[in-house]
Structures are given as structure tokens and as C-alpha cells.
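Colleague: I am new to this structure and would like to go through it by question and answer. Please start with the terms you need.

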Amino acid sequence: MTPPPSPGVPGEEAETDTVLPDRAAMTPSPGVHTSYTVTETIPGTEVSFTMVMIPGGRFKMGSPSDEAGRDEDEGPQREVTVDAFYMGTHEVLYDAWLIYRSRKRDNAVAAPGSDFDPDIVARPSPPYEDPAHGMGTTGHPAVGMTQWAALQYARWLTEKTGHFYRLPTEAEWEYACRAGTTTPFSFGERALDAHAWYSGNSDETYHPVGEKAPNPWGLFDMHGNVAEWTLDEYDATFYEDTLSWNPWSMPTRLHPRTVRGGAYDDSPEALRCASRLESSASWKRRDPQVPKSMWWNTDSPFVGFRLVRDVDPPSAEMQARFWSLVLGG
């Protein structure tokens, strides 16, 4: 399947004779990040979120063969270039997800010039059971949704605000997680407790966002707390291809997809920048419906999501092609 050939839409490849712009030739230094942030308030509500600009650059995606805890699907390492983008400083909060999930909490207020209509929005069906498994709502990350549901939220937010939001590609996620570092973690292994909720300190539950220290680019909970959906279909051999500019393992089937970051119930190895997790059918194990829900995973309270926003957004036509590709129809 061919990706939408649009600036700002992942998967677009540069022509072979194109010279990379200076920003793409740069390798950002650890500990240095832009202070340029944007704050978006969801129209008609008091709920807001903040995004930080991630500078475009080049990095080695994957892990070296001698990295402790490494899995085979993390290599071989490839030099990859990604364009600049904004990324949420936190995972999407339950507070924001609830506005989308509930028609009673949503309204017709939207960005100027938008034709947003809350009555025709595709919204999650009632879950079979509490997606959070009782671990927390307000101030906590939204969890338990499928990747498809996370993308539906991104489309709703795009229509509501007039800004194009989506999930990050694996390459964008890892690049942002590393924040210019080349070590397994963006902060050094001995500082794990200061930066992450994981099996060693979480008391078997996820926590409100932002309680741990951020990575060098100001992103919280990139390691641990809840893992995060990416835009990619999971492919164990993806790195064997020649990755170069904005790589994206485009969807060809509904399952499996790739999750990054590790969670509150994971060992430190699963929290590494390069660690990859493929979604599993077992995440719907207790769903008795036939067919099982497109919106919810009954057994993945350890998975949430974080959004990105393109610096150079694609046209309305290219956005429509993108949503058709990732959501179908």
C-alpha cells in the first residue's frame, strides 16, 4: 500500500537526488532541547495539553548488538532522518479522552471555519468493563483503547481544533525518546527510579502523568508508566530494509501494531528507548463479544497513547487520504 505522498504525513520518502536540508543533517546534542512549546485548549472546554517542538535530525534507530536486554527485532541499527514535529509532553489524559468518549461532554464549539458536527462523530462503544481496571482516571493517562480507537480520537481532535494530530511513527517516537542520547535510556540507568514508573517502584499500578523527571527534551513518562501506541504495523524484520527518511511500516492489516515505552508492570529492559512490543490478540481475552470490540482491549490497561502534530501540516486532501489509509474507508 502506498502512503499518502504529502509533506507532514509519515512515510513520504525523499527523491534519491534530493539534498537533505540542514536541519535533517544535524544530530541534536543530549541535554539540549527547544523551549518552543504550544498549548492547545480543546474548544468549548477547559481541558488543555502542551506539546514541545522536536527538532528534525538524524539518529541511529534500534539497538547495538551488545545492548543488555536487546531483542532481535531491534536491529540491525539504521541511520534514520526525521523531520521536525510537535509531541505531547504527556500521554493523552483521561480528562481529554472523556470529552471525546461522551457525546454529553462534547459540544459544537470548534476552531473558526470548521464544519465540526458532534452528532456525526464516531465515538467509542460502552466498554465491557472498566478499561482502567480501577487504577485511576482524572490526571492519569487514558488507557485500554485499541490503536484504531486512538487514531479515531486523533481525527476527532483534528476536526475539533483545526490542527492535524496523529500518532507518532516508531521512528519519531524513538527519536524523541532518545532526545539526542545514544544510551539504552535517555537519562542513564542509575536514574531509572527518578524518571520512570516500572515494576520495581510502581506498586503494580500506573500513576498520574508528570510525576517523574522528563527526558532532555521535556517529555514526561517516555519510559514506563503506560506504554504507547505508534502509527506502525509491527514488523519484526522492518529494520532489515533500508530506512532513511521518515520511515513508516504502513498498515496492511488490522493486527498487530507496535507499542513503545514499557509500562508500570514491566522490567527495566522493556523501558529502553529501542524496545519494541507487538500488540496481541490476548489483550481482548475477556471480551465476550463476537466480533470483539474495535474500540477497547479488555486486558491492556498498560497501554495508552501520545499524539504528535506536524510542523508543516498536510493539505485537507492529504489528510483525508491519511485517515482513509489508517482507519479504513
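Modeller: In what follows, Ala, Val, Leu, Ile, Met, Phe, Trp, Tyr, Cys and Pro count as nonpolar, Asp, Glu, Lys and Arg as charged, and the others, Gly among them, as polar. This is a predicted model, in which local features need pLDDT of at least 70 and side-chain atom pairs count only at pLDDT 80 or more, while totals for chains, interfaces and linings use all residues. Residues are numbered from 1 along each chain as its sequence is written, and side-chain values use heavy atoms, with hydrogens and water left out.

Colleague: What is the volume of the largest cavity?

Modeller: The structure holds 1 cavity of 30 Å³ or more. Volume here is the space filled by probe spheres set on the grid points, which are joined across faces, edges and corners. For the largest cavity, the value is about 30 Å³.

Colleague: Which helices each supply at least two residues of the lining of the largest pocket?

Modeller: A pocket is an open set of points with protein on both sides within 12 Å along at least five of seven lines. The largest pocket holds about 390 Å³ of space; of its 24 lining residues, the closest to the centre are Thr 146, Trp 148, Leu 254, His 255 and Arg 257. That lining divides into 11 nonpolar, 9 polar and 4 charged residues. The helices (DSSP runs of H or I, at least four residues; strands are runs of E, at least two; both numbered from the N terminus) are α3 and α6 (316-327).

Colleague: Which side chain makes a polar contact with the side chain of Gln 147?

Modeller: Gln 147 is found in helix α3 and is buried at 5% relative accessible area (buried is under 20%, exposed over 50%, partly exposed in between, with a 1.4 Å probe and protein chains only). A polar atom of the Gln 147 side chain lies 2.8 Å from the backbone oxygen of Thr 230. A polar contact is a pair of N or O atoms within 3.5 Å; within protein, one must be able to donate a hydrogen and the other to accept it, and residues adjacent in sequence count only if both atoms are side-chain atoms. At 2.6 Å, the side-chain partner of Gln 147 is Arg 257.

Colleague: How many disulfides does the structure hold?

Modeller: A disulfide is a pair of cysteine sulfur atoms within 2.5 Å. The cysteine sulfur closest to that of Cys 177 belongs to Cys 273, and at 3.3 Å it is too far for a bond. Cys 177 is buried, with a relative accessible area of 0%, and Cys 273 is buried at 0% as well. The number of disulfides is 0.

Colleague: How many residues apart in sequence are the parts that Glu 129 and Arg 286 tie together?

Modeller: The closest N and O atoms of Glu 129 and Arg 286 are 3.4 Å apart, which makes a salt bridge (a side-chain nitrogen of Lys or Arg within 4 Å of a carboxyl oxygen of Asp or Glu). Glu 129 is partly exposed at 26%, and Arg 286 is partly exposed at 39%. Because Glu 129 lies in the loop between α2 (94-101) and α3 (147-161) and Arg 286 in the loop between β9 (276-278) and β10 (303-304), the separation in sequence is 157 residues.

Colleague: Is Asp 299 buried or exposed?

Modeller: Asp 299 forms a salt bridge with Arg 286 at 2.6 Å and one with Arg 285 at 3.4 Å. Arg 285 is exposed at 57% relative accessibility. Asp 299, at 9%, counts as buried.

Colleague: How many salt bridges does a search of the whole structure find?

Modeller: Some are joined up: Glu 170, Glu 174, Arg 178, Arg 260 and Arg 276 are linked in a network of salt bridges. For the whole structure, the search gives 19.

Colleague: How far apart in space are Gly 136 and Thr 205?

Modeller: Gly 136 lies in the loop between α2 and α3 and is buried at 19% relative accessibility. Thr 205 is 69 residues from Gly 136 in sequence, and their C-alpha to C-alpha distance is 8.7 Å.

How values were computed:
1 Å grid on protein atoms, 1.4 Å probe; cavity = no way out; pocket = protein on both sides within 12 Å on 5 of 7 lines; lining within 4 Å.
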